[in-house]
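Have a look at the structure first.

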Amino acid sequence: MEVVQEGRSGMGNVFTRFNGDFTDRHLLSMHQLTAGDIHLLLADAQAAEEAVRNPAERGVNILPLTELKAVMRQPSTRTGGSMATAMHKLGGGAQVISGMEASSEGKGETQADSWIAFATQADIIGTRTDRVGGPATAAQVINMARRDRKLVGHVPVINLGDGTNEHPTQALGDLFTIFKKFGTFEGLTMALVGDHERYRAHHSLMIGASILGIKVIAVESMVAPVPDDFTRLGGANLERTDDLDAAMQRADILYIGRNPDEYSGDNITERERSKQLAHDYTKWVVDRRRLQQMHKDAIVMHPRPRRHELDPSIDMDPRASDVQQMADMIPMRMAIIARLLGKSIKEERDQRLAAAS
Ligand code: CP
């Protein structure tokens with residue numbers, strides 16, 4: 001949230017809220033979205049899923065000759081690849097850049113100059129950075145270049161995960177999985193388990209939950225508690241506990257994430273924190289036996305990659321929804337890309353189907 005404020009004071013407001021208008025915007029934080037915006041994206045994702053599943057369509061060809069660049073400055077198996085798949089299913093082209101080792105940054109080029117170079121090659125950019133606020137910086141640099149007439153046209157930037165801060169497209173895909181399962185967000189309770197300080201998927205999902213009124217039970221470690229900003233945001237809809245089993249018994253959704261220990265520092269305080277957190281994760285392992293205490297219509301979600309906290313013994317249980325969750329990212333990312341480029345998949349598809357009938 002601090003980053004949102006920083007972005008507001010720099011080179012123009014790159015965190016403009018959508019409020020139903022996705023033009024000339026970047027998607028950097030869940031804070032930019034209203035409940036109405038999320039529902040627009042859900043409707044578009046639903047239309048995208050139907051179009052992809054229909055053998056006669058296999059996608060929606062609404063962005064031909066349009067190019068996506070997914071610049072992944074941190075490792076990724078899912079996000080960069082699913083952005084590329086989403087763009088292909090929209091009729092466009094995509095390039096995923098995995099790491100910058102082979103780029104001209106190795107010859108001393110600044111990251112700012114890299115963003116401008118990518119903006120000359122692409123109509124839309126998604127990026128993952130180790131630095132909090134990295135995608136916002138990219139958006140600011142690109143906006144500045146446009147203001148100075150070095151670039152023609154708006155190039156939206158999508159945050160695909162910025163350090164320990166946020167992962168908004170993950171949260172939107174997660175909300176699609178939840179909405180498909182329950183048909184509503186009203187009355188739902190979600191147990192959210194893991195490192196609440198440093199796990200970006202949790203942050204974006206907590207913001208989404210607060211926008212939509214989903215009750216959150218945060219299962220937390222005393223060394224990685226829910227940050228104050230999120231406690232304020234959750235208000236009466238947030239409970240905090242260290243009792244995973246009690247939370248599971250009350251939850252419709254169990255959402256667990258891995259230990260993001262790549263962010264651990266190398267000093268005494270950090271080493272103590274890491275030791276305690278690793279211990280707490282051993283108490284949070286969800287296996288098939290433990291899952292039985294959830295109600296039969298509950299779902300278990302994990303953004304993956306998973307480690308021991310989500311035991312493969314749950315994979316055969318119908319409540320395990322983490323593979324569906326991965327698949328759901330593609331129609332949601334189609335919806336996001338299309339909206340940022342001025343198209344609604346639902347509207348375009350409805351018109352095409354009506355014209356064909
Ligand atoms: N969920 C997610 O962001 O996965 P990747 O790190 O593999 O992209």
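Two residues are in contact here if their C-beta atoms, placed from the backbone, lie within 7 Å. With that in hand, take the contacts in the protein between residues at least 6 apart in sequence: 75% of them join residues at least 24 apart. Keep in mind that this is a predicted model.

On to the overall picture. The protein has 13 helices and 9 strands. Its radius of gyration is 20 Å, close to the 21 Å that the globule rule gives for 357 residues, so the protein is as compact as a globular protein of that length. The C-alpha trace spans about 60 × 55 × 35 Å along its principal axes. Of the 357 residues, 47% are buried.

Now for the backbone. Most residues other than glycine have a negative phi, and most peptide bonds are trans.

Arg58 is exposed, since 12 other C-beta atoms lie within 10 Å, and a residue with 12 or fewer falls in the exposed class.

Where does a cis peptide bond turn up? The bond from Arg304 to Pro305 is cis, with omega near 5°. Pro305 sits in the loop between β9 (299–301) and α12 (322–340).

Methods. Residues numbered from 1 in each chain as written. Predicted model: local features only at pLDDT ≥ 70, side-chain atom pairs only at ≥ 80, totals over all residues. Helix = DSSP H or I, 4+ residues; strand = E, 2+ residues; numbered from the N terminus. Rg over C-alpha atoms; globule rule 2.2 N^0.38 Å. Buried ≥ 20, exposed ≤ 12 C-beta atoms within 10 Å, placed from the backbone.
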